[in-house]
Amino acid sequence: MTAMAARSLGYRVQVMDPDSSCPARFVVDACFEGSWNDARAAANLARGCDVVTLEIEQVAIECLEAAGRYAPVRPGAAMMRIIQDRILQKEWLRGCGFPVGEYRAVTSAQEMAEAISMLGGRCFIKSAHGGYDGRSQVKVGFGSTCDAVEAWTMLGQRPCVVEKALELDREISVMVARSPRGEVKSFPSAMNHHENQILVWSVIPSSVAPEIEAGAQRIAREIADGFQLEGLLAVEMFLTKSGELLVNELAPRPHNSYHASERACVTSQFEQAVRAVCNLPLGDVSIVQPAAIVNLLGDLWLDKEGQPREPRFDQALAVPGVRLHLYEKHQPRKGRKMGHLSGVGAIPAEAVERVLEAKARL
Ligand code: ADP
Ligand code: MG
């Protein structure tokens, strides 16, 4: 989607991906196959580029540095080093005075057990490295019997963050863009609904109270400035039942919760990413109309017996205002994001209603 936006702005695009049949292959000029720690592939990619960006945070720092010898890498290695590591990321946020939930960084089963008990027993334990869509995470104290020793083993016996489970009122995110020339623009916040730690649907604007919106915008912009961001940064936030606004995590790239920006805003997050990394003037982030998305997971391509089935896209597309976005991923695995439906409405709730109605028809 970023490549399509770049092409529309007249750029030529090449990508690096561990999978040579990656989703971007049909819209780019060249594909470099290489794992996320393949510095040679990263250098080969960068050699023909004027600027390099990324849309997954787990690219090894060596790759970013190798690419950086040929072209500017935005966002840069210094910021990525901190964001890639949940422990460093949380420490950076806390150290700068941004509000985060209670947590402990742990490096052994024993420390994990102590942290869980100090934090009240109900916790989200997250591996410091890797992990997305709730992967590399374990919940303890939610009625399951999973204890610290099991959690430590399940997460690969590697450093983790133990977070107190918060009572959430809602989740929002703010996408902020900053260009090398220092221009900053942040999109109106999105409201995000997760189930089993995976984003199910998201809507822009979020309809939070104006003072919450102002606080969320200020936090996102200050984080972007604090990092001297070049590119995009999604700031995921929790609004707790007691009314606190806390930073959950940072994603320095286009983000699932802003897929609806294509329809909700004057400028999509994808175009904004390209504008930011190419040092162009940033686009207008005003709302055109409320828009929502609902994710389509691989489960929809499998019937109850696990046999392949084709979702009823024809039925879904009959819902007014609904569009289909598929990512060209081959293997429809359970829990894998294969695409999304987007929808617009007169008010945010109507946009959500329409995408949920369309998804129910699949
Ligand atoms: P990921 O990298 O997989 O997106 P997150 O840290 O954002 O990981 O967690 C995924 C989701 O799990 C969150 O959006 C939220 O719904 C839930 N979650 C994570 N941490 C907590 C917490 N400390 N308290 C309550 N819910 C949480
Ligand atoms: Mg998240």
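I began with the loop between strand E4 (123-127) and strand E5 (137-140), which is where Ser-136 lies. The model I am reading is a predicted one. I looked up the backbone of Ser-136 and found a positive phi of about 60°, although the residue is not a glycine. I set against this the general rule that most residues other than glycine have a negative phi.

I then turned to the peptide bonds. Most peptide bonds are trans. I noted a cis bond from Arg-74 to Pro-75, with omega near -5°. I placed Pro-75 in the loop between H3 and helix H4 (77-83). I recorded another cis peptide bond joining Ile-204 and Pro-205, where omega is about -5°. I found Pro-205 in the loop between E10 and helix H8 (210-227).

Next I examined a helix pair. I asked at what angle helix H2 (residues 39-47) and helix H3 (residues 61-68) pack. The angle is about 30°, and the axes are 8 Å apart. On the H2 side I listed Ala-39, Ala-42, Ala-43 and Ala-46 as making the contact. From H3 I listed Glu-62, Cys-63, Ala-66 and Ala-67. Sorted by class, this contact has seven nonpolar residues, no polar residues and one charged residue.

I went on to the second largest pocket. I read its volume as about 190 Å³. Which strands each supply at least two residues of its lining? I identified strand E10 (198-204) and strand E13 (291-297). Among the lining residues I wrote down Ile-198, Leu-199 and Val-200, as well as Asn-295, Leu-296 and Leu-297. The lining also includes Glu-195, Asn-196, Asp-299, Leu-300, Gly-335 and Lys-359. By class I recorded six nonpolar, three polar and three charged residues for this lining.

How many cavities of 30 Å³ or more does the structure hold? I found one. The largest cavity has a volume of about 30 Å³. I listed Lys-90, Gly-101, Glu-102, Tyr-103 and Glu-163 in its lining, together with Leu-166, Phe-238, Val-247 and Asn-248. I divided the lining of the largest cavity into four nonpolar, two polar and three charged residues.

How values were computed: Residues numbered from 1 in each chain as written. Chains lettered and ligands numbered in written order. Predicted model: local features only at pLDDT ≥ 70, side-chain atom pairs only at ≥ 80, totals over all residues. Heavy atoms only, no water. 1 Å grid on protein atoms, 1.4 Å probe; cavity = no way out; pocket = protein on both sides within 12 Å on 5 of 7 lines; lining within 4 Å. Points joined across faces, edges and corners; volume = space filled by probe spheres on them. Helix = DSSP H or I, 4+ residues; strand = E, 2+ residues; numbered from the N terminus. Nonpolar A, V, L, I, M, F, W, Y, C, P; charged D, E, K, R; others polar. Axes fitted to C-alpha atoms, helices over the stretch in contact; angles between N-to-C directions. Contact = heavy atoms within 4.5 Å.
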